[in-house]
Amino acid sequence: ITAAQGDANQRVAEIARSFDAWDLRGVAFLDPYGPNLEWATVQALADTRKFDVIINFPLDMAINRLIKRDGDIPENWGQMLDKCFGNHDWHDLAFEEAEPNLFGETKFTKRTGTASRLLSLYHGQLEQAFGHVSKPSLVQNTKGHPLYYLIWASANRRGLPIADHILGLGDKVKVPRG
């Protein structure tokens, strides 16, 4: 095991590029702090056809919080979400145009069900990139509020039933409070 310092997106992409030289398979657990995992990083791992990934997708604890109800998202947040999803498709799934105000300005408002739409978008992208993707497993805090989803993806279909079984157990585990 080698610990590497630096931007995780760049370091993982370097590992993925060099992995073709080895006759190995790998598992990557991607646990970003917020929406900092860039889609290009995930795609680099998928392109090797040698990695299984387990992604901690921080939908409710980070991504959904950046998508403000009034649609007024700072530019740097929008750029971060573009990198996270690899495109700007998240915007149309998250927002709809509101009625023009008294000055004729059109604004956006957050759609109902935005989180499930964004989860479907990400899951679909994983399917396109890897081919085989587990059902997302919701992880909640001790008060039952959603935090993130664990998602397994691979080019190898044999692991899918196992991943679905293991991640499905999370729904049955009760975490004691206190």
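**Entry 1: burial in α2.** I looked up which α2 residues are buried (under 20% relative accessible area, with exposed over 50% and partly exposed in between, 1.4 Å probe, protein chains only). In α2, I find Trp39, Thr41, Val42, Ala44, Leu45, Ala46 and Thr48 buried. That is 7 of the 10 residues, so α2 is largely enclosed by the rest of the structure. I take helices (H or I, at least four residues) and strands (E, at least two) as DSSP runs, numbered from the N terminus.

**Entry 2: ground rules.** I am reading a predicted model, where local features need pLDDT of at least 70 and side-chain atom pairs count only at pLDDT 80 or more, while totals for chains, interfaces and linings use all residues. Residues are numbered from 1 along each chain as its sequence is written, and side-chain values use heavy atoms, with hydrogens and water left out.

**Entry 3: the cover.** What covers the buried residues of α2? I list α1, β1 (26-30), β2 (51-57), α4 (75-85) and α6 among the covering elements. Contact here means heavy atoms within 4.5 Å. Just after α2, I note Arg49 with a positive phi of about 60°.

**Entry 4: α1 against α2.** I checked helix α1 (residues 8-19) and helix α2 (residues 39-48): they pack at about 10°, with axes 9 Å apart. That makes α1 roughly parallel to α2. The class takes angles under 35 degrees; over 145 is roughly antiparallel, 65 to 115 roughly perpendicular and the rest oblique. Axes are lines fitted to C-alpha atoms, for helices over the stretch in contact, and angles run from 0 to 180 degrees between N-to-C directions. From α1, Asn9, Val12, Ala13 and Ala16 meet Thr41, Ala44, Leu45 and Thr48 of α2.

**Entry 5: Thr41.** Thr41 sits in α2. I find Thr41 at 3% relative accessibility, so it counts as buried. Not counting residues up to four places away in sequence, Thr41 touches Asn9 and Val12.

**Entry 6: the whole protein.** I count 7 helices and 7 strands. The elements run α-β-α-β-α-α-α-β-β-α-β-β-β-α from the N terminus. Of the 178 residues, 38% count as buried. The C-alpha trace spans about 65 × 40 × 30 Å along its principal axes. Among contacts between residues at least 6 apart in sequence, 62% join residues at least 24 apart.
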